[in-house]
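Hi there,

Here is the structure I promised to pass on to you. Have a look at it first, and then read my notes below.

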Amino acid sequence: MTKRAIKTKSDQNQISTKITSTITKSEDNTITIKVTVPWQDVEAARTKIENEAIKHVEVAGFRKGSVPREIAKSKLSKEKIQEETLKKILTETYMEVIKKEGLNPIVSPQVHVDAFDEGTPLTYSAETCEAPAVNLNKYKDAVSKITAKSKIIVPGKEESKPSMDEVVKAALEEVEVKIPKVIVQQEATRLLSQMLDELKSLGLRLDQYLSSRGKKGEDLKSEYEEKAAQDLKLEFMLRKIADVEKITVDPTDIEQALKGITDPKQKSAVSQNPYLVAAIIRQQKTLDFISKI
């Protein structure tokens, strides 16, 4: 579905005396940033990068760092200097706009350079998003309808508990959240890449896989975008519930999780990212909370 732009922060925001930008935010919290950087600033950045690169040029007959500028400059890769200049300008100006506008993007931007020609301003657009608003509505009532059956004790009849999938499905159907298209696309791409790696490990090509299932590439893309949207909806729903219910993770929770990992290499790798471990534990605690409603 095409999202309608509902808010634009000043048609031509003056970020500094050097660059200008326009910010457009859509209903699903997708943010499109358009930036124009004057040629003087691009040239200044390139000169700075050239000067630094020249210090490391080595030419027979000259000491390192004392090679005449024109000789040293002729040894540099114009493509590499151009690439480094663009990288520097994009990174610095994007961060400047984000800070100035008080934005809180949750994913890396998808950047498209519109113009980068000698003597003209550099213009580019960057698409990112902020965390979507989540309306939990009466998710507890929806979940209770599923879990209530297991709380009814019938003499002589074995207790029947709903599966976690049933509980989660009931909650998701009640919760409202618009997932930004940019993050859906990024997650779908990640899932597709993972699937392609699995096919490669099995010695299969994508066209063979699609043919065996009577599908087209467009069908596969749609399926993975739908899966990505559903996975992300679950993730944001669990975060919101955890925030509302003040579900936290303490150091002992992490210690217990690490103790359960027996493989030394896996344990070492996991322990290097305690924030990821904490996020997983918090998510599981939230799922446990929902199942007990």
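Among contacts in the protein between residues at least 6 apart in sequence, what percentage join residues at least 24 apart? It is 65%, where contact means heavy atoms within 4.5 Å.

Before you read on, please keep in mind that this is a predicted model, in which local features need pLDDT of at least 70, side-chain atom pairs count only at pLDDT 80 or more, and totals for chains, interfaces and linings use all residues. Residues are numbered from 1 along each chain as its sequence is written, and side-chain values use heavy atoms, with hydrogens and water left out.

The overall form comes next. The C-alpha trace spans about 95 × 50 × 50 Å along its principal axes. The radius of gyration, taken over C-alpha atoms, is 26 Å, while a compact globule of 293 residues would have one near 19 Å (the rule is 2.2 Å times the number of residues to the power 0.38).

The protein has 11 helices and 7 strands (DSSP runs numbered from the N terminus: H or I of at least four residues for helices, E of at least two for strands). Of the 293 residues, 34% are buried, meaning under 20% relative accessible area with a 1.4 Å probe, protein chains only.

Now zoom in on helix H4, residues 139-147, where Tyr139, Ala142, Val143 and Thr147 are buried. Seen down the axis of H4, the buried residues fall within an arc of 130° (from the directions from the helix axis to the C-beta atoms), so they line one face of the helix. They pack against helix H5 (164-174), helix H8 (217-244) and helix H11 (274-291).

Enjoy exploring!

Definitions and conventions: Buried < 20%, exposed > 50% of the residue type's maximum accessible area, 1.4 Å probe, protein only.
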